[in-house]
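Welcome! Take a moment to look over the sequence and the model, and then we will work through some features together.

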Amino acid sequence: MNPLDLAAAAGQAPPESARQALGYPALFVLVALGALVPVIPTGALVSSAAVVAFHHQSPPYGVLLVVGVAAVAAFTGDVALYWLGQRGVRSRGGSRWLERLRGRATPERLEQAQTKLDEHGVLVLVVSRLLPAGRIPVMLACLLAELPLRRFAHGDAPAALAWAATYGLIGILGGALFTEPWKGVALAVALTLLISVGPALWRRLRAERSAGPA
């Protein structure tokens, strides 16, 4: 969130025109960069922006605009990353972007993604965008299958929209449960973190239980 949105969440609402002029472009840039660089928690960002929009703009237009901007940004970042990955696939020496994608997908997850891609085609992109750590293995599977950029984009467009809508709904939930925006933002961030790390922690606990005592 940018400083204007944080001020709004604290109850110090800046002028509407200033918040819109800076807030939505900042949201777009951060989400698009988050598709390229995994250190940005884009889900929490979208949910927090939806909470602020829920409280400080006329519903449902503000939240819908947040979802729309986030979807376009996610799609833009995905397509850019795929294009960079394609350059690595076509190059004899590969590329650092392709190597980064390989480093973020375990062989097991990649094999599963390739199987699902063979069975369901680009529709698997929609599910992969909603699953924690599911986007990169499927994107890498598409690259290794030499899927054309246009076909990837056709599958990624609804995936980006579904992703943005999901986190927008989390923001609506946080905004509806609390009258103070900062509490809604805190709940939205907590839920997005739970969605992100919960499945991995559950798999790890199951693996440890299956292994039994050393």
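Q: In which helix does Pro137 lie?
A: Helices here (H or I, at least four residues) and strands (E, at least two) are DSSP runs, numbered from the N terminus. By that count, Pro137 lies in helix 8. This is a predicted model, where local features need pLDDT of at least 70 and side-chain atom pairs count only at pLDDT 80 or more, while totals for chains, interfaces and linings use all residues. Residues are numbered from 1 along each chain as its sequence is written, and side-chain values use heavy atoms, with hydrogens and water left out.

Q: What pLDDT does the protein chain average?
A: pLDDT is the predictor's confidence in each residue, from 0 to 100. The protein chain averages 79, and 73% of the residues score at least 70. Over residues 6–15, however, pLDDT stays under 50.

Q: How many helices and strands does the protein chain have?
A: There are 10 helices and 0 strands. Read along the sequence, the pattern is α-α-α-α-α-α-α-α-α-α.

Q: Let's return to helix 8. Is Pro137 buried or exposed?
A: Buried means under 20% relative accessible area, exposed means over 50%, and partly exposed is in between (1.4 Å probe, protein chains only). Pro137 counts as buried because its relative accessibility is 4%. In the protein chain as a whole, buried residues make up 41% of the 214 residues.

Q: Which residues does Pro137 touch?
A: Contact means heavy atoms within 4.5 Å. Leaving aside residues up to four places away in sequence, Pro137 touches Ala105, Arg109, Leu110 and Ala113.

Q: How many residues apart in sequence are Pro137 and Pro107, and what is their separation in space?
A: They are 30 residues apart in sequence, and their C-alpha atoms are 9.0 Å apart in space. Pro107 is found in helix 6. Pro107 is exposed, because its relative accessible area is 62%.

Q: At what angle do helix 6 and helix 8 pack?
A: Axes are lines fitted to C-alpha atoms, for helices over the stretch in contact, and angles run from 0 to 180 degrees between N-to-C directions. Helix 6 (residues 107–120) and helix 8 pack at an angle of about 65°, with their axes 8 Å apart. Here Arg109, Leu110, Ala113, Gln114 and Leu117 of helix 6 meet Pro137, Val138, Leu140, Ala141, Cys142 and Leu144 of helix 8.

Q: How do the residues of that contact of helix 6 with helix 8 divide?
A: Ala, Val, Leu, Ile, Met, Phe, Trp, Tyr, Cys and Pro count as nonpolar, Asp, Glu, Lys and Arg as charged, and the others, Gly among them, as polar. The contact of helix 6 with helix 8 has 9 nonpolar, 1 polar and 1 charged.

Q: At roughly what angle do the axes of helix 5 and helix 8 cross?
A: Angles under 35 degrees count as roughly parallel, over 145 as roughly antiparallel, 65 to 115 as roughly perpendicular and the rest as oblique. The axes of helix 5 (residues 96–103) and helix 8 come within 9 Å and cross at roughly 130°, which means that helix 5 is oblique to helix 8. Leu98, Leu101 and Arg102 of helix 5 make the contact with Ile136, Met139, Leu140, Leu143 and Leu144 of helix 8. These residues divide into 7 nonpolar, no polar and 1 charged.

Q: Where is Arg135, and which residues does Arg135 touch?
A: Arg135 belongs to helix 8 (residues 135–144). Its partners, not counting residues up to four places away in sequence, are Gly34, Ala35, Asp78, Leu81, Arg104, Ser128 and Arg129. Arg135 is buried, because its relative accessible area is 13%.

Q: In which helix is Ser128 found?
A: Ser128 is found in helix 7 (residues 124–130). With a relative accessible area of 5%, Ser128 is buried. Ser128 touches Gly134, Arg135 and Val138, again not counting residues up to four places away in sequence.

Q: Where does Glu146 lie?
A: Glu146 lies in the loop between helix 8 and helix 9 (149–177). Although Glu146 is not a glycine, it has a positive phi of about 55°. Glu146 is exposed, because its relative accessible area is 63%.
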